[in-house]
Amino acid sequence: MNEKDIVLSVKNLNTSFISDRKEIKIVKNVSLDLKRATTLAIVGESGCGKSVTVHSIVKLMPKNARVKADYILYNQKRGDKITEFDLSKLEPYGKEMRALRGPDIGMVFQDPMSSLNPVYKVGDQVAEGLLEHNPKMSKEEAKEQVLAMFRELGIPDPENRINDFPYQFSGGMKQRVVIALAMICNPEIIIADEPTTALDVTIQAQIMELMKSLQTEKNKSIILITHNMGLVAEMADEVCVMYMGRIVEFGTLEHIFNNPSHPYTKALLRSVPVLGMEEGRLLETIPGITPNPAELKEGCEFADRCPDCRDECRKGTIPAFEVEPGHKVRCLNFNSFKEVD
Amino acid sequence: MTTISKAAKGKSSSLLRKNIKKFVNNKLAMVGLIFMIIILFSAIFAPLLTQYEPAKIDLKAKSVAPNSEHLFGTDKLGRDLFSRILYGGRVSILVGVVGAFSGSLIGVVLGSIAGYFGKWTDMLLIRLSEVFQTFPQMILILIMVTILGPGLSNLLIIFSITGWMTTFRMVRNEFMALRGETYVKVAEAFGMSKSSVMFKQILPNVFSPVIVATTVNIAGFILSEAGLSFLGLGVPSSTPTWGNILNAAKSIEVISNYWWMWVIPGVVISIFVLAVNFFGDGLRDVLDPKQQ
Amino acid sequence: MLKFIIKKLLQMIPMLLVISLLVFIGLELTGIDPLSYMVSPDMAGSAENLERLREQMGLNDPLFTRYFRWVSEMLRGDFGYSIVSGTPISQIIAVRIPATIELALLALVFSTIIGVGIGIVSAIKQNGIIDYVGRVFAVVGQSIPQFFFGIILIQIFAVSMGWFPVGQRISPGGNWSRIQHLVLPVTTLTLSMCAVLMRYARNTMLDVMNSDYIKTARSKGIPEWKVIIKHGFRNAMRPVLVIICFRLPMLIGGSVVIESVFSWPGIGTIIASSVIAGDMPVIMVTTLMVAASILVASFLVDVFTALLDPRVRLGD
């Protein structure tokens, strides 16, 4: 695997929001790599900055946000030709960035109920991106492609359904439309921000299967944001665990599940029901609440809720340590290992 | 128990301090508050600020332009305009404040009735509020003036019954939202009285938006009073009000020759209403940040 | 769609009946002798004559019979007579409605263009210069008494500069004079309406631009102007149109003071002078007209909503 097989590489991403003339840091020094044709899961409780991280990467941020990064490199592969883009240098709504949205990066958002414009037919909404990026394409051709995509995603009766409005679809079907919308330009990367949170469990499974098959059959790279460890186990190749805007642990799926090291990751795993769990074992909750990002003190963000908290944990910034090759943990319990960045 | 309530108290007072700080930082709102206070206090303490009687006719000093003796000049009957504006402010502000507060009170009561009883009571009151809301306020006021006749007390009644709709909606919607809340249902299941749970929750919840809506109404009613008195349908012209003073501007002769008779009272009304509106906006930013 | 329109039109009939009944009862309650407004003053005469007329016209019949007779007379265009001037009310209204509608529609058009335009721009460039100036302007516009603003305009542009006439609607001089007469009252009315519309358009647009489907639209990579117009404005239009439609009755009723300032011979001045003179029949009929304009406005709202929102258009 050479370095060009890393399709997206983010270095030291920092995002903050200006509120009441104060700057509140939401994402702190996040660096991550997405390998081509794999799934990277970003997990954490709500409010830990996982959504903000990906939105910062694709530059879909509200005006009061400040995004800084050393680089956000995207390696576009067209046939054998590889072109490199630094997203951090592009204008958020400029021509170059827009050209990448759709044909290179597709987004699936959390709530299918509100992600579709209520006043347009779903077929037109899916075709809109296609027509935008292929100016020569006729409406008929676009319609054919949309129909093909609907069929592929298992939307029944596509010929009639493309003329329906979003309110005529169920939640699961709507999310398929949203996925169609993200996939229609055949992007390299799909960023799915809690794609199944708003759906009920059986539909969740269908949607995730669909995404998994898209990924394996078409060699897509996926960033999956979720707080559901069950989904992570099914979908992910690599896992980032985030807490209060920092990546506290990173590793392959096996690293994270077989050798969870950060106290937060351990707690997170203990709080998920797993099949085959011993009888009588209680599900644990993580004590305490996520702190307010505006009132964070120095040191480890997890210190107040950590069972192993020591005095050193409350000082400075905690570095990351490599506990095994490719498995990094930001915790002083592992300071005997090699420090990495 | 005591420590918890103490902590809660500490928290709420720090929230109050934070809100006050936020308000003070809002320059327009502060300027509004200062102007409001200045005009209000000058009206209240009018006898200390001027020795002229507002109604005293002085035929020797008719239509005098502003000078050191008559700060704002005199009107066509020789009455001192500075004094008339101060005394007129008492009535105009009173009409606005009392009208707005009693309107809000009606709104709170009707809103509670609609929200608490629901069903057809709610339907009926909602329809009624819609009729009141879509009917142009000025027409509504005029119809009632025809029925009740002009006059200060009638004006107060009319303003109260034309200014209850916003508050009514807020209180009613708050009730409806709470009805669906699980904890209300749970409290009910435990045999607690639903009404006491709801009332305890609702009134503090709607307090802030109701105050904001009331300030907006104060401003609106002062303008309505001015408009009505300008038409000659408000407070009888023997009582000075800002609108009655401006009534002079109905004649083109006054408009072209005696600017002080209409520019000064007009500017005073505008400044006061502007101050109330800026103050209300600031209040909304602090108390009710959801709806800007 | 046609079925929808017909359904909505039919729904207006019971509403009109209820409102007219209320107006009729109100008229009854004033205790004014119906003869004084139902018969042209020339036809009246001695007391016996009046009594005979009363019997002839069925004024001693029960309330509902009289109500339906009153309604059918109105439908035939007979609104009765003013008790002050003795002129038929239909005549008074026929002269004044065009004047008020002319004023109201022009003000509506201008304030919509200016108010919605500035509102949308301030929403897109939130906290920018236009937004800030617009917000201050909106509060100022809502704080100056309309008639005071009108008088200022008269003083500056009519009295001092002499560019426009002081009042009235038409003086000899044809179309040009007509426009000259319109400028000041339309400007006054427009200013006071702009303020509200601006605020509303801005807040609606802000809401829409913060919604998820705007993010979806942006994630497709379409240009920002398309996002704003096609996805933003298209969705903000419906609530804004609702407000604009409901401005129509406000304009007709709300122009009472403005019409008085400019001696504009419209419905507003007739309402004001009737209230002063206690001319109940005229007040009641004009009230009925305002009520009818509200129904028309809400009908327009229904039609626009149906046109703009597929849920309403296609649902049942």
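**Figure 1. The surroundings of Val241(A) in a predicted model.** Leaving aside residues up to four places away in sequence, Val241(A) touches Val43(A), Gly44(A), Ile247(A), Val248(A), Glu249(A), His262(A), Tyr264(A), Thr265(A) and Leu268(A). Touching, or being in contact, is used here for two residues whose C-beta atoms, placed from the backbone, lie within 7 Å. This is a predicted model, in which local features need pLDDT of at least 70 and side-chain atom pairs count only at pLDDT 80 or more, while totals for chains, interfaces and linings use all residues. Residues are numbered from 1 along each chain as its sequence is written, and chains are lettered from A and ligands numbered from 1 in the order in which they are written.

**Figure 2. The largest nonpolar core.** Here we meet Val241(A) again: together with Ile223(A) and Ile222(B), Val241(A) has the most contacts inside the largest nonpolar core, which has 234 residues. Helix 10 (residues 194–231) of chain B gives the most to this core, with 15 residues. A nonpolar core is a set of buried Ala, Val, Leu, Ile, Met, Phe, Trp, Tyr and Cys residues joined through C-beta atoms within 7 Å. A residue is buried if 20 or more other C-beta atoms lie within 10 Å of its own, exposed if 12 or fewer, and partly exposed in between, with C-beta atoms placed from the backbone. Helices (H or I, at least four residues) and strands (E, at least two) are DSSP runs, numbered from the N terminus.

**Figure 3. Strand 8 of chain A and its neighbours.** Strand 8 (residues 189–193) of chain A has 5 of its 5 residues buried, so it is largely enclosed by the rest of the structure. Ile189(A), Ile191(A) and Asp193(A) are buried on one side, and Ile190(A) and Ala192(A) are buried on the other. Strand 7 (residues 105–108) of chain A pairs with strand 8 of chain A in the parallel sense over 4 bridges, and Gly106(A) stands opposite Ile190(A). Strand 8 of chain A also runs parallel to strand 9 (residues 221–226) of chain A, joined by 5 bridges, with Ile191(A) opposite Ile223(A). Two strands pair if DSSP finds at least two bridges between them.

**Figure 4. A β-α-β unit in chain A.** Follow the chain from strand 8 of chain A through helix 8 (residues 201–218) of chain A to strand 9 of chain A, and you trace a right-handed β-α-β unit. A crossover is right-handed if, with the strands pointing away from the viewer, the path from the first strand over the helix to the second runs clockwise.

**Figure 5. Where chain A meets chain C.** On this interface, 22 residues of chain A are in contact with 21 residues of chain C. Helix 2 (95–100), helix 3 (112–115) and helix 4 (122–133) of chain A each supply at least two residues of the side of chain A that touches chain C. Helix 4 of chain A provides the largest share of that side, 4 residues. The side of chain A that touches chain C divides into 10 nonpolar, 6 polar and 6 charged residues. Ala, Val, Leu, Ile, Met, Phe, Trp, Tyr, Cys and Pro count as nonpolar, Asp, Glu, Lys and Arg as charged, and the others, Gly among them, as polar.

**Figure 6. Where chain C meets chain B.** The most contacts among the 2 pairs of chains that touch are between chains B and C. This contact takes 32 residues from chain C and 32 residues from chain B. On the side of chain C that touches chain B, helix 7 of chain C gives the most, with 6 residues. That side of chain C has 23 nonpolar, 9 polar and no charged residues. Chain A and chain B do not touch, and their nearest C-alpha atoms are 9 Å apart.

Figure 7. Chain B has 13 helices and 0 strands. In helix 9 (residues 182–189) of chain B, 0 of the 8 residues are buried, so this helix lies largely in the open. Gly191(B), with a positive phi near 85 degrees, follows helix 9 of chain B. The mean pLDDT (the predictor's confidence in each residue, from 0 to 100) of chain B is 80. Confidence in chain B is lowest in helix 1 (residues 2–25) of chain B, at a mean of 61, and highest in helix 4 (residues 81–117) of chain B, at 88. Over residues 1–10 of chain B, pLDDT stays under 50, and the model has 0 contacts beyond four places in sequence for them. Where pLDDT is low, the predicted coordinates should not be read in detail.
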